[in-house]
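Please examine the structure shown below.

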Amino acid sequence: MASRNHATCRILIKRGSEHIVLKVEDIVLFYTENKVVYLLDRSLCKYMCERNLSELEGTLSPEMFFRANRKYILNINFVKSYKAFEKVKLVIEFLLPGIEHQVIISQETAPYFKKWISDF
């Protein structure tokens, strides 16, 4: 019987005729832009991903990755801090300088995010 694998260690990215193997622990975040899914690695290299965020969410470790909203999945190892935004939302600050993504956690999702980050 096949089980759902949340222990994905690597992700295969296709760039032209080249196939690139990335360790999931090196991925800062996955995000959508113009209906295309990308990932950003620790070197701030951007790669196009063939899976959608829902598919990725089902294969990534829930201890390491969090679905912040419909646009982002975050890696806990690159979250530096979070703070209140518009009183009821949260905004994420990343460990790596140069990440130009403003990730907002909604009021509804904020309690789940706080529990996830404190349980790590």
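Two strands are said to pair if DSSP finds at least two bridges between them. Helices (H or I, at least four residues) and strands (E, at least two) are DSSP runs, numbered from the N terminus. The model is predicted, so local features need pLDDT of at least 70 and side-chain atom pairs count only at pLDDT 80 or more, while totals for chains, interfaces and linings use all residues. Residues are numbered from 1 along each chain as its sequence is written, and side-chain values use heavy atoms, with hydrogens and water left out.

- Strands of a sheet pair through backbone hydrogen bonds, either parallel or antiparallel.
- Strand 3 and strand 4 run antiparallel and are joined by six bridges, with Tyr31 opposite Tyr38 in strand 4.
- The hairpin of strand 3 and strand 4 has two residues between the strands, and Asn34 takes a positive phi near 55° there.
- Strand 4 and strand 5 are also antiparallel, with four bridges joining them; Leu39 stands opposite Tyr47 in strand 5.
- In the hairpin of strand 4 and strand 5, four residues lie between the strands, and Leu44 has a positive phi near 65°.
- Three bridges link strand 6 to strand 7 (residues 72–75) in the antiparallel sense, and Phe65 has Asn75 in strand 7 as its bridge partner.
- Five of the six residues of strand 4 are buried, so this strand is largely enclosed by the rest of the structure; buried means under 20% relative accessible area, exposed over 50%, and partly exposed in between (1.4 Å probe, protein chains only).

- Six bridges connect strand 8 with strand 9 (residues 89–94) in the antiparallel sense, and Tyr82 stands opposite Ile92 in strand 9.
- Strand 1 (residues 10–15) and strand 2 (residues 18–23) run antiparallel, joined by six bridges, and Ile13 has Ile20 in strand 2 as its bridge partner.

**Aromatic rings**

- The whole structure contains seven aromatic pairs; rings of Phe, Tyr and Trp (its six-membered ring) pair if their centres lie within 6.5 Å, and planes under 30 degrees apart count as stacked, over 60 as edge-to-face and the rest as tilted.
- The ring centres of Phe113 and Trp116 are 5.7 Å apart and the planes are at 45°, so the pair is tilted.
- Phe113 and Trp116 both lie in helix 2, three residues apart, about one turn of the helix, and both are buried.
- One aromatic cluster is formed by Phe66, Tyr82, Phe113 and Trp116.

**Nonpolar cores**

- A nonpolar core is a set of buried Ala, Val, Leu, Ile, Met, Phe, Trp, Tyr and Cys residues joined through side-chain atoms within 4.5 Å.
- The largest nonpolar core has 21 residues, of which Leu29, Leu74, Ile92, Phe94, Ile105 and Phe113 touch the most other members.
- Strand 3 (27–33), strand 4 (36–41), strand 7, strand 9 and helix 2 each supply at least two residues of this core.
- Another core, of 17 residues, lies apart from it, and its members include Ile20, Leu53, Leu60 and Ile73.
- Leaving aside its neighbours within four places in sequence, Ile92 is in contact (heavy atoms within 4.5 Å) with Leu74, Val79, Ser81, Tyr82, Val103, Ile105 and Phe113.
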